[in-house]
Amino acid sequence: MDGDSHDFTAIRGVQAGSAYYVIMVPLKIVPRLFKFEDEAMPATVRAQRVLNRARVPAIASYIVNNANEYILSSLCASIDGEIEFLPAAAEGPLRRVGQLRIDMGATILINDGQHRRAAIEEAIRERPSLGNETISVVVFADRGLKRSQQMFADLNIHAVKPTRSIKLLYNHRDALAALSRDVVADVALFRDFTCYDSTSISNRSTKFFTLSSVHQATMELIGKSRSGKVGEQDKRLAIEFWTAVISNMPDWQRVAKREVSTYELRRDCIHAHGVAVQAIGKAGAQLIASHPKDWKTRLVHLRDIDWSRANRALWDNRALVGGKVNISKNNVTLVTNVIIRTLGMALTSEAQRVEDLYSLAEMPKLRAAS
């Protein structure tokens, strides 16, 4: 190779009969080494998606705020230019380890990881000391636009985001997630019947709640945003509230005693779904604020609600859309309204607005039925 080059310690591998290399690149070099295609170019002549700049600050903040324990997965790039691999040994295991020389004039295009690249650039501006740390990069020899586009598709086609429940289970930096895990651990029904792996429950599952629905409901109850601070009093209140709710939900108690299958209740009852769990948490916040001394005794009126899915007059388009349980923001509000009124409280102005829209939509159906 003539002229100047970028030299990296590399490991050589083979996939689909073609060589590829894994190199370690200092973070400070990443912004100037890897090219990002012009966003103004048509998608047909690009090999990657348009950069979503709204995602970059969150990733950069994650790096900067967790400088002692952040983790970044490998970038994937194609090299359009001259490369040369110099193995450490002619034979044996070390023949796969050596030095990868990349011509200075070569174009190195990111196939996967453009948001990480942009976030690294932003993080280094804020915290220059990160510049000497490294990220692994998997590099391939460029074989044209069509192949680069196919690489992007192949790298992303099978990618599946972890469920909200599993992210809550594994996120030990989020105080609100920790609160929800503690509540589930301390409330016996939740502990025995909460699914940690999914945001929906299959018909064959013996679980009754999902961690994500308990989390969302508890956040509604304590009124904390994602950035809100959580205290021991929040944990005590959440445990006390859900324990009191369970004592006034006979069907939930039957689940705890294994007198009824969770599948049967999901099939037959609205309260067996996340929309109702979240609505109970949301109504609970208003109940505790309005009746701080006797809120527990008022929860007895939860027993007055007909939670049966067969009660279509109450639940159609409130919790059921096309016969299926729906968990949109408006549906949660509409179910909350039923609970609020049953507990003897007035609707907030926003809740009343949603209720009025629901009533207007239902009025032609009522006229037709009469």
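This short talk covers strand pairing and salt bridges in one predicted model.

First, the ground rules. Local features need pLDDT of at least 70, side-chain atom pairs count only at pLDDT 80 or more, and totals for chains, interfaces and linings use all residues. Residues are numbered from 1 along each chain as its sequence is written, and side-chain values use heavy atoms, leaving out hydrogens and water.

Strands, then. Helices (H or I, at least four residues) and strands (E, at least two) are DSSP runs, numbered from the N terminus. Pairing requires at least two DSSP bridges between two strands. E1, residues 5-15, runs antiparallel to E2, residues 18-26, over 6 bridges. Gly-13 sits opposite Tyr-20 in E2. The hairpin of E1 and E2 has 2 residues between the strands, and Ala-16 takes a positive phi near 50 degrees there. E2 also pairs with E7, residues 134-141, antiparallel, over 7 bridges. Val-22 has Val-138 in E7 as its bridge partner.

Now salt bridges: a side-chain nitrogen of Lys or Arg within 4 Å of a carboxyl oxygen of Asp or Glu. The structure holds 15.

Take Arg-341 and Glu-355, at 3.5 Å, N to O. This pair links distant parts of the chain: Arg-341 is in helix H15 (residues 329-342), Glu-355 in helix H16 (residues 349-369), 14 residues apart.

Glu-355 is buried, at 4%. Arg-341 is partly exposed, at 45%.

Last, helix H3, residues 114-126: Arg-125 and Glu-121 both lie there, 4 residues apart. Their salt bridge spans 3.9 Å, N to O. Arg-125 is exposed, at 59%.

Key: Buried < 20%, exposed > 50% of the residue type's maximum accessible area, 1.4 Å probe, protein only.
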